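Please open the model in a viewer and keep a selection tool at hand.

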2 protein chains.
Amino acid sequence: MLYAGFMSAVLPPFPSPQEPLRQPELLQLGTEQDEPCLRADAARNRARLLEAAARLVAEHGAAGVTMEAVAAAAKVGKGTVFRRFGDRTGLLMALMDHSERKFQAAFLSGPPPLGPGAPPVERLRAFGRATLCRSAEQLDLQLAAEPSADRRFTAAPRNVVRAHLVLLLRQAVPDADCELLAHTLMGYLDPVLIHHLTRQCGMSVERLEAGWLDLVARVTGTRS
Amino acid sequence: MLYAGFMSAVLPPFPSPQEPLRQPELLQLGTEQDEPCLRADAARNRARLLEAAARLVAEHGAAGVTMEAVAAAAKVGKGTVFRRFGDRTGLLMALMDHSERKFQAAFLSGPPPLGPGAPPVERLRAFGRATLCRSAEQLDLQLAAEPSADRRFTAAPRNVVRAHLVLLLRQAVPDADCELLAHTLMGYLDPVLIHHLTRQCGMSVERLEAGWLDLVARVTGTRS
DNA sequence: AAGAAAACTGGACCCCGGTCCGTTTAGGGT
DNA sequence: ACCCTAAACGGACCGGGGTCCAGTTTTCTT
């Protein structure tokens, strides 16, 4: 009883976990099927909800994206929104999904130096630059989609990024604890940190970029 | 109107900011005055609230610390809780305050290698070890007190730690962007990350400690 | 084609964090 | 001892996230 709030953050809110197939979506990159085996009406509502959410973001900023407002704007019941996306964060994550996937494709199979083909250290450098740049653009959405603390490290996209960094690090510094180093590097690229440093501390993106290059150099032991 | 939620996260919720003197509390370390110039009844209620909150944490875990429950347990109105502590996070932070201050005293003016007297790199190593150890103990409380994303980097204790790390880094690596490096190091010690790695990924604290030592070595360029 | 099972829907409902404001009380001044 | 004012109090109130379930719609089976 007392743990209702907590449980709901860990277990799916409904008996049948809505969209059990959405998570993998982020991993299979080639296919562009946005609605995995969804019933016709469900798919239609899903599209309407995403469209409505996008409109609300554009109109009132990310803070205006209320679950109720989205439901109303899509002419749909509130329960439907939750069934489809689990919770607010899930909805926002779905909204970011498109750009997320594009980004993943870029560093997993795109042209070097971001994609395969360049030496690992250079790919690391490019990855940071790309992430910073991407964050600079859609910072507000990324902030809104930031999962509540207890799930910050279990979100799907994060794992893809982590795996990627681990891969590169293993090539660059084979005898280090690359898992931990990857987490360190990701910490530097945390959207919330970026927001803090640029918006609240007034640092320039250039400085953050330089900081990233320096950090990569230090971590990989490739001082210039 | 639409920004009410956002504003309340930035501005104090009441016209007269409750406890405008609490923040500095964390900075003046010698004095042990827990209730800065509070009216008698206010001080009494403050104590009762903290006691009640502590009891609730012990009984139902951090998740059971509802503002209403705390108020009821302390035989006090809900408004009083908010007037005193601003919000839930504020209450939890006040709960952690004691250990927080002890820790700050330890690295600001305690014995080496944590406190002054040891070479900076060694102090960095000790700092990480101490933080990891401390987190291992009171992880649940630290998690509960984790501020919502938009304030993760503006909490008072964080600034003390950051300043400390910047100080040490400036000595160890004078020609680096120590502000940014400090943030990187703090990222590694984030309670939420520690929780994720130890509890969810099953890593041992020893491994995290080794990772910290390695990270410090890499960042400061002092390879063994 | 028809019936059954599974999936989806919508909105009433609950809980909690946070706010407001009319009332009470402490404690310094006279 | 009394008053006066700033401060503190408390609980009604609000909005939003999340849940539930009775009823509807789709899809599968035969």
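**Stop 1: The contact between the chains**

Begin with both chains displayed and select the residues at which they meet: the contact takes 29 residues from chain A and 30 residues from chain B. The model is a predicted one. On the side of chain A that touches chain B, helix H1 (4–10), H10, helix H11 (191–200) and H12 each supply at least two residues. The greatest contribution to this side of chain A is that of H12(A), with 6 residues. Colour this side of chain A by residue class, and it divides into 15 nonpolar, 9 polar and 5 charged residues.

Next, superpose the chains. A rotation of 179°, with 0.0 Å of shift along its axis, places chain A on chain B with an RMSD of 0.2 Å. The two copies are therefore related as by a two-fold rotation axis.

**Stop 2: Chain A as a whole**

Chain A holds 12 helices and 0 strands, and its pattern along the sequence reads α-α-α-α-α-α-α-α-α-α-α-α. Of the 224 residues in chain A, 31% are buried. Where contacts in chain A join residues at least 6 apart in sequence, 62% of them link residues at least 24 apart.

**Stop 3: Helix H10 of chain A**

Select residues 178–188 of chain A, which form helix H10. How many of the 11 residues of this helix are buried? The count is 8 of the 11, so H10(A) is largely enclosed by the rest of the structure.

**Stop 4: A helix pair in chain B**

Move to chain B and select helix H7 (residues 120–137) together with helix H12 (residues 205–220). These two helices pack at an angle of about 155°, and their axes are 10 Å apart. H7(B) is thus roughly antiparallel to H12(B), since an angle over 145 degrees counts as such. The crossing of H7(B) past H12(B) is right-handed.

Show the side chains of the residues that meet:

- On H7(B), select Val121(B), Leu124(B), Arg125(B), Gly128(B), Arg129(B), Leu132(B) and Ala136(B).
- On H12(B), select Val205(B), Leu208(B), Glu209(B), Trp212(B), Leu213(B), Val216(B) and Thr220(B).

By class, this contact of H7(B) with H12(B) comprises 9 nonpolar, 2 polar and 3 charged residues. For reading the spacing of such residues, recall that an α-helix has 3.6 residues a turn, so residues three or four places apart point the same way.

**Stop 5**

Return to chain A and select the loop between helix H4 (67–73) and helix H5 (78–85), where Gly77(A) is located. Is Gly77(A) buried or exposed? Gly77(A) has 12 other C-beta atoms within 10 Å and is exposed, because 12 or fewer is the criterion for that class. A distance drawn between the C-alpha atoms of Gly77(A) and Met67(A) gives 9.9 Å, the two residues being 10 apart along the chain.

Lys75(A) is in the loop between H4 and H5 of chain A. The phi angle of Lys75(A) is near 55°, a positive value in a residue other than glycine. Lys75(A) counts as exposed, with 10 C-beta neighbours inside 10 Å.

In chain B, Lys75(B) lies in the loop between helix H4 (67–73) and helix H5 (78–85). Its phi is near 55°, again positive in a residue other than glycine. Lys75(B) counts as exposed, with 10 C-beta neighbours inside 10 Å.

**Stop 5: The cis peptide bonds**

Finally, select Pro112(A) and Pro113(A), which are joined by a cis peptide bond with omega of about 5°. Pro113(A) is in the loop between helix H6 (88–109) and helix H7 (120–137) of chain A. In chain B, a cis peptide bond joins Pro112(B) and Pro113(B), with omega of about 10°. Pro113(B) is in the loop between helix H6 (88–109) and H7 of chain B.

Terms used. Residues are numbered from 1 along each chain as its sequence is written. Chains are lettered from A and ligands numbered from 1 in the order in which they are written. This is a predicted model: local features need pLDDT of at least 70, side-chain atom pairs count only at pLDDT 80 or more; totals for chains, interfaces and linings use all residues. Copies are superposed by least squares on the C-alpha atoms of residues with pLDDT of at least 70 in both. Axes are lines fitted to C-alpha atoms, for helices over the stretch in contact, and angles run from 0 to 180 degrees between N-to-C directions. Helices (H or I, at least four residues) and strands (E, at least two) are DSSP runs, numbered from the N terminus. Angles under 35 degrees count as roughly parallel, over 145 as roughly antiparallel, 65 to 115 as roughly perpendicular and the rest as oblique. A crossing is left-handed if the near helix is turned anticlockwise from the far one by less than a right angle, and right-handed if clockwise. Two residues are in contact if their C-beta atoms, placed from the backbone, lie within 7 Å. Ala, Val, Leu, Ile, Met, Phe, Trp, Tyr, Cys and Pro count as nonpolar, Asp, Glu, Lys and Arg as charged, and the others, Gly among them, as polar. A residue is buried if 20 or more other C-beta atoms lie within 10 Å of its own, exposed if 12 or fewer, and partly exposed in between; C-beta atoms are placed from the backbone.
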